[in-house]
Amino acid sequence: MSPTTGAPPGSGRSTDVLRLLRDLVPQRPRFLRGPRIATGVRRPVIRTERLLLRTHRLSEADQWYAIQSDPTVVEHLAWPLRSRAESFVHLLNRTRHSRLEQNDDFLALAVLLGDRVIGDASLHLRAGDPARLRCEVGWVIAPQWQGHGYAREAGLAMVALAFDRVGAARVEAHVLPGNDGSIALAERLGFTEVDAAEGERVFAIDAARYRELHSEPGSGPG
Ligand SMILES: CC(C)(COP(=O)(O)OP(=O)(O)OC[C@H]1O[C@@H](n2cnc3c(N)ncnc32)[C@H](O)[C@@H]1OP(=O)(O)O)[C@@H](O)C(=O)NCCC(=O)NCCS
């Protein structure tokens, strides 16, 4: 985890120019990233009982910055506390993270409650063996909306996307030790701990277990 500065939100952090430049550098070109999977998704729009998940928009930069500049949000993430300019570039990249088709593709969706961005849900495609597609899921909900089951709703929607549309064989959640909220959420969704490596705890659920637990919309363990 990157250390954070602990600066309070809106305290006008100065911009780390090197980080800004690094974030502006384009990702590895697509032609170097292997074949496309047959079950890829582009710009999915997902409606759950209370939420809308869709790709990020630059017009929501203020809302994104409010989330990112909260020290409690980044406490257990590999995100630094970003200045407003850094947050804008980060969001610009996130608006382009809109598909899962090739190895290493990253899909990041804004989580909306009404027209308010309350968080982010993501899937990282690890497509090494086409018969054993694997996705890593990520979730962030801003503190004022935590504890209402929104993370569970958004997390389940992303897990369903991975299994039902992308055809993943397994979904993993990589969590830093001490991130009790994220661990509770993973377990609540039916993940079990499978590994601990490089300072992370790895939780996973396979397709059969997902279908067993979540075959009815809104269902789950407990
Ligand atoms: C992890 C996170 C998304 C959970 O959000 P949330 O809105 O609290 O989650 P939900 O309301 O959907 O709750 C899911 C379950 O986890 C439990 N939970 C939530 N926060 C918890 C905490 N700090 N400690 C223990 N359990 C917690 C809830 O009680 C709920 O369990 P229940 O269904 O049995 O009642 C949120 O804390 C967050 O965004 N954290 C900062 C970003 C982050 O670290 N993301 C994870 C990176 S791996």
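A residue counts as buried if 20 or more other C-beta atoms lie within 10 Å of its own, as exposed if 12 or fewer do, and as partly exposed in between. Keep that rule at hand for one stop on this tour of a predicted model.

Start with the whole chain, coloured by secondary structure. The chain holds 7 helices and 10 strands. Of its 222 residues, 30% count as buried. Among contacts between residues at least 6 apart in sequence, 65% join residues at least 24 apart.

Next, select the ligand and the shell of residues around it. The shell has 22 residues, and those that come nearest to the ligand are Q146, A151, R152, G181 and A184. By type, the shell divides into 10 nonpolar, 9 polar and 3 charged residues.

Now colour three elements: β7 (134–141), α5 (150–166) and α6 (180–188). Each of them supplies at least two residues of the shell. Helix α6 gives the largest share, with 6 residues.

Move to helix α5 and select E153, which is found there. Is E153 buried, exposed or partly exposed? E153 has 19 other C-beta atoms within 10 Å, so it is partly exposed, because a buried residue needs 20 or more.

Stay on E153 and show its contacts. Leaving out residues up to four places away in sequence, E153 touches T48, E49, R50 and L51.

Last, draw a distance from E153 to L189. These two residues are 36 apart along the chain, and their C-alpha atoms are separated by 9.5 Å.

Technical notes: Residues are numbered from 1 along each chain as its sequence is written. This is a predicted model: local features need pLDDT of at least 70, side-chain atom pairs count only at pLDDT 80 or more; totals for chains, interfaces and linings use all residues. A residue is near a molecule or strand if its C-beta atom, placed from the backbone, lies within 6 Å of it. Helices (H or I, at least four residues) and strands (E, at least two) are DSSP runs, numbered from the N terminus. Ala, Val, Leu, Ile, Met, Phe, Trp, Tyr, Cys and Pro count as nonpolar, Asp, Glu, Lys and Arg as charged, and the others, Gly among them, as polar. Two residues are in contact if their C-beta atoms, placed from the backbone, lie within 7 Å.
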